[in-house]
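Here is a walk through a structure and the way its chains meet. Please look over the sequence and the model before reading on.

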Amino acid sequence: MLNKYPLWKYALIVVVMLFGVIYSLPNLFPADSAIQIRGANAGLEMNQTTLNRATDLLEAENIDYFGAEIIGQSALIRLPSNEAQLRAKAAVQRGLGTDYIVALNLAPTTPDWLSSLGAQPMSLGLDLSGGVHFLLEVDMERFIESRLDSYSSNFKRNFREENIRYRSIDVMDDNSIQMLLADEDTRDAAETWLRRNLQGEFLTEDVEQRGLPGLKLTLSEQRRAELQDYAISQNQTTLNNRVNELGVAEPLVQRQGANRIVVELPGVQDTAQAKNILGKAANLEFRLEARGNEGEVFPLRNRQGGRGTAMLEDDIIVTGDNVTDARVSYDENGLPQVAVSLDGEGGSRMGQVTRRSIGRPMGVLFIEQKSLLQGYEDVNGEPVPIYDTVEEKEIISLATIRGAFSNNFVITGLDSAQEASDLALLLRAGALAAPMQFVEERTIGPSLGAENIRLGVNSVIIGFALVILFMVAWYKVFGVFASVALTANLVLIVAVMSMLSATLTLPGIAGIVLTVGMAVDANVLIYSRIREELAEGRPPQAAIDAGYGRAFVTIMDANITTLIVAVILFAIGTGPVKGFAVTLSVGILTSMFTAIMLTRALANLTFGGKQLKKLPI
Amino acid sequence: MSEPKIYDFMGARRIAAAISIVLLVISIGSLAVQGLNFGLDFTGGAQIEVGYEDPADVSDIRQTLTEAGYRDVVVQYFGNNTDVLIRMQEDNNPRLGDEVLALLSEERSDVTLRRNEFVGPQVGEELREKGGIGMLVALGLVMVYIAVRFQFKFAVGAVAALAHDVVIVIGFFSVTQMAFDLTVLAAVLAVIGYSLNDTIVVSDRIRESFRTIRRDDPVYLVNVSLTQTLARTLITSLTTLLVLIALGVFGGELIRGFSVALTVGVLIGTYSSIYVAANVLLAMKLSKEDLMPPEKKDDVDTEEIPAWLTDPEEEENEKK
């Protein structure tokens with residue numbers, strides 16, 4: 001019999017729709033204002049005692065709260081209003097001190113049975129939630145230049161040690177290193193040395209200058225890419241650490257392209273302060289431990305949580321500017337260690353000091369500017385945060401010098417791989433990073449964000465209503481089918497976006513609206529076909545079947561090509577355009593299901609298997 | 001079988017071609033002479049949106065800022081007369097938003113900062129390049145897809161229609177000097193998607209007509225196809241326009257450019273799927289031989305429906 005779906009197709013549709021409803025449901029529960037508390041470093045765990053301290057602080061300040069819970073590494077306290085949220089943040093931050101980071105947050109109110117299924121609301125883009133967006137660019141040219149400088153001073157020292165007589169080794173403007181050597185034999189020796197020690201890092205080329213044989217070294221593509229990756233990831237780590245200081249609930253620090261980093265701070269309004277914190281520098285100082293009483297006492301970082309101190313000499317051997325790399329490695333016994341590399345200048349100073357200081361401990365001092373939130377000041381009825389800048393100094397490593405070393409050395413005696421990687425991270429954070437600059441900045445006020453949501457939702461509802469009205473007026477019962485499909489499509493788009501944890505932006509909403517307009521196209525195609533078939537005198541059942549059958553290929557072709565465009569949009573677009581591309585692609589895919597299968601099922605259920613004289617279309 | 005009235009679309013094809021050429025010439029001419037009013041996303045610079053409680057006076061604000069020493073300040077209303085958008089070419093200055101706000105609140109205390117954006121010039125330039133390349137890649141891939149699925153002449157027709165639409169939409173932004181920003185670029189790319197959709201539906205029907213109708217008269221066959229798809233072309237355009245109008249009227253100033261671009265695009269796209277694509281096909285002398293089905297079976301369509309979408313009964317039905 002014509003126009004009957006087998007049971008499994010109906011079952012499939014029911015299952016898909018059930019899935020759609022469940023996963024889109026969390027978006028209907030409005031989020032609570034909340035503060036989030038977590039330890040300033042990974043070792044500090046959040047426990048009930050700390051949470052009680054926080055709630056006591058709130059009670060002392062007469063701030064109402066409801067719901068205080070520990071979720072994994074952090075604690076969440078829900079507050080009745082935005083205003084209470086700001087006061088609570090200031091109070092708790094003051095009370096708990098710098099060991100904890102207190103951030104403003106929006107706590108989802110998804111019921112437990114939904115979250116246990118993994119359902120969660122969509123996250124909102126900055127244009128909807130308000131906040132700051134920064135794009136930072138790493139100055140690769142300057143970074144590469146500084147690396148080449150350090151290479152060239154290394155060459156000079158190594159060649160002296162190896163007795164390879166050179167006249168000059170210079171970094172040229174075209175990012176190459178040019179060496180002029182005494183004679184042809186020396187050039188061969190230099191080449192052999194380079195091949196042995198710097199495999200694949202440089203491309204070498206013979207040159208002839210001022211009557212002297214020379215070599216021109218250019219960085220290999222691979223090495224260049226490695227250096228760039230290194231510079232970006234180092235900067236990213238540093239930025240991550242600093243963003244944490246700002247106390248933002250869900251910050252995003254992400255690499256974009258070859259040399260850029262995106263930082264998004266939802267909820268932050270004070271751009272200038274955020275920029276100060278992101279742009280400030282940490283530094284390192286290598287100093288010998290003081291003998292006697294001449295020196296300065298610093299806290300000693302200790303993994304057991306205890307707080308020792310140590311006294312260091314006032315003389316600084318090298319600073320973080322001289323550190324070019326710090327990485328975890330393992331010695332022959334498989335024990336973790338940190339391998340540190342210095343540039344040429346740092347290396348030679350280190351060499352001089354270590355030669356006469358074997359057996360003495362050397363400390364690495366980590367210096368960081370920190371901004372601490374002190375509270376809020378009332379300016380024209382708006383709370384304005386007040387920050388205090390302090391310089392924190394801490395010894396992150398104190399190890400005995402076992403022998404003279406210069407450019408490359410290892411720090412041993414570390415207890416665990418975790419400790420080694422922590423130390424390497426701190427060394428890198430304080431090391432000379434590639435310079436960065438802000439190339440893009442966007443601040444969206446929270447009121448504008450809320451307004452954008454309202455406008456977006458309104459236009460979806462109105463556009464949707466208009467289309468449904470038209471379809472029902474034009475196609476009658478089939479118009480109702482199309483409207484059901486359209487609603488189902490909207491639910492599915494939201495469900496899929498929530499599942500992918502995609503971010504909803506204003507252009508994203510525009511994408512949804514556009515999908516609403518275009519998704520009916522499939523139905524229009526099908527229904528026009530059915531009308532044509534009827535006009536040609538086919539019986540109603542055959543007309544429905546032929547309408548769906550013939551329109552299918554057209555719909556496929558049209559949707560695939562639109563999908564191609566959406567994918568390209570996604571590939572070339574940044575933030576907002578990407579949002580549009582995502583909703584457009586998701587919408588096309590879900591509309592294929594709802595506009596074809598769902599409406600067919602509805603038509604089959606209503607008309608299938610019956611003797612029809614006329615079709616109300 | 002009663003044949004419904006066939007509209008003689010192609011009878012007007014010379015006039016249509018003339019209209020298209022005039023529109024294209026105006027667009028390209030305007031682009032060449034006055035170019036596009038690129039938004040902040042593409043030019044780089046700084047942009048600050050402030051909101052007042054009561055209607056603001058743009059010339060007062062302009063004067064305040066100029067007296068304070070800011071150069072090249074553009075001040076305009078944004079959506080309504082209480083919101084003001086200020087644009088300037090200012091180097092990376094983290095405090096710019098605060099400075100401007102401080103200056104303005106000296107004059108009037110009911111001002112608040114709504115949005116503050118800064119885009120470096122290199123980012124803007126890159127975006128312009130990427131946008132252009134994106135559009136070309138989109139056109140190229142689409143052409144390949146259609147050439148494979150249909151036939152080369154259809155690919156030329158579709159791409160001609162797309163290029164036609166894109167140029168005219170961009171030309172519209174050049175003539176009116178409306179700000180061309182990232183969301184407008186997204187809209188232009190969406191126009192490619194939309195117009196393509198339309199063109200493919202029409203091409204699909206032309207292909208079908210060329211294969212199934214016996215009469216060997218290309219102009220007649222194209223007219224039949226266009227007439228048959230006319231209802232759907234108009235209805236789809238109408239529903240899309242309905243939501244675009246909703247978006248334009250209720251969606252707020254930030255996506256106004258987006259909805260305007262798409263509205264123009266949908267109107268032009270509807271026209272071009274009827275007149276440009278089909279016109280090109282006729283100009284390239286599309287013939288029945290071009291479209292001889294590669295398969296032996298004459299019902300190509302059903303063969304391409306995947307199994308999960310067909311009723312098992314349907315096939316039996318066909319055998320009867």
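Buried area is the accessible area, taken with a 1.4 Å probe, that two parts lose on being put together, summed over both. The size of an interface is often given in this way. In this predicted model, the area buried between chain A and chain B is about 6,700 Å². Carbon and sulfur atoms give 63% of that area. Arg442(A), Asp557(A) and Ile572(A) supply 8% of the area that chain A buries against chain B, more than any other three residues. Counted by residues, 75 of chain A are in contact with 73 of chain B.

Twelve residue pairs are in polar contact between chain A and chain B, with both residues at pLDDT 80 or more. Several elements of chain A give two or more residues to the side that touches chain B, among them helix H1 (7–24), strand E22 (436–444), helix H12 (446–475) and helix H16 (575–607). The most comes from H15(A), with 16 residues. By residue class, the side of chain A that touches chain B divides into 43 nonpolar, 15 polar and 17 charged residues.

Side chains of opposite charge can pair when their charged atoms come close. Between chain A and chain B there are seven salt bridges. In one salt bridge, the side chain of Glu451(A) meets that of Arg114(B), at 3.1 Å from N to O.

The two chains also share strand pairing. E22(A) pairs with strand E5 (residues 111–119) of chain B in the antiparallel sense, over five bridges. Within this pairing, Ile444(A) stands opposite Arg115(B) in E5(B).

The whole structure holds 36 of them over all chains. An example is the one between Lys216(A) and Asp174(A), whose closest N and O atoms are 3.3 Å apart. Lys216(A) lies in strand E10 (residues 212–219) of chain A, while Asp174(A) lies in the loop between strand E7 (166–171) and strand E8 (176–181) of chain A, so the pair ties together parts that are 42 residues apart in sequence.

For chain A, an unreviewed UniProt entry places the feature "transmembrane region" at residues 7–25, 455–475, 480–500, 506–527, 548–573 and 579–603. In the model, residues 7–25 of chain A are 95% helix and 0% strand, with end C-alpha atoms 27 Å apart. Residues 579–603 of chain A are 100% helix and 0% strand, and their end C-alpha atoms lie 34 Å apart.

For chain B, an unreviewed UniProt entry gives "transmembrane region" for residues including 12–33 and 179–197. Residues 12–33 of chain B are 95% helix and 0% strand, with 31 Å between the end C-alpha atoms. Residues 179–197 of chain B are 84% helix and 11% strand, with 27 Å between the end C-alpha atoms. UniProt (unreviewed entry) also lists "domain: Protein export membrane protein SecD/SecF C-terminal" at residues 104–285 of chain B. Over that span of chain B the model is 82% helix and 6% strand, and the end C-alpha atoms are 66 Å apart.

Key
Residues numbered from 1 in each chain as written. Chains lettered and ligands numbered in written order. Predicted model: local features only at pLDDT ≥ 70, side-chain atom pairs only at ≥ 80, totals over all residues. Heavy atoms only, no water. Contact = heavy atoms within 4.5 Å. Salt bridge = Lys/Arg side-chain N within 4 Å of Asp/Glu carboxyl O. Polar contact = N/O pair within 3.5 Å; in protein donor to acceptor, adjacent residues only side chain to side chain. Helix = DSSP H or I, 4+ residues; strand = E, 2+ residues; numbered from the N terminus. Nonpolar A, V, L, I, M, F, W, Y, C, P; charged D, E, K, R; others polar. Pairing = 2+ DSSP bridges. UniProt positions renumbered as here; feature names shortened; annotations may be inferred.
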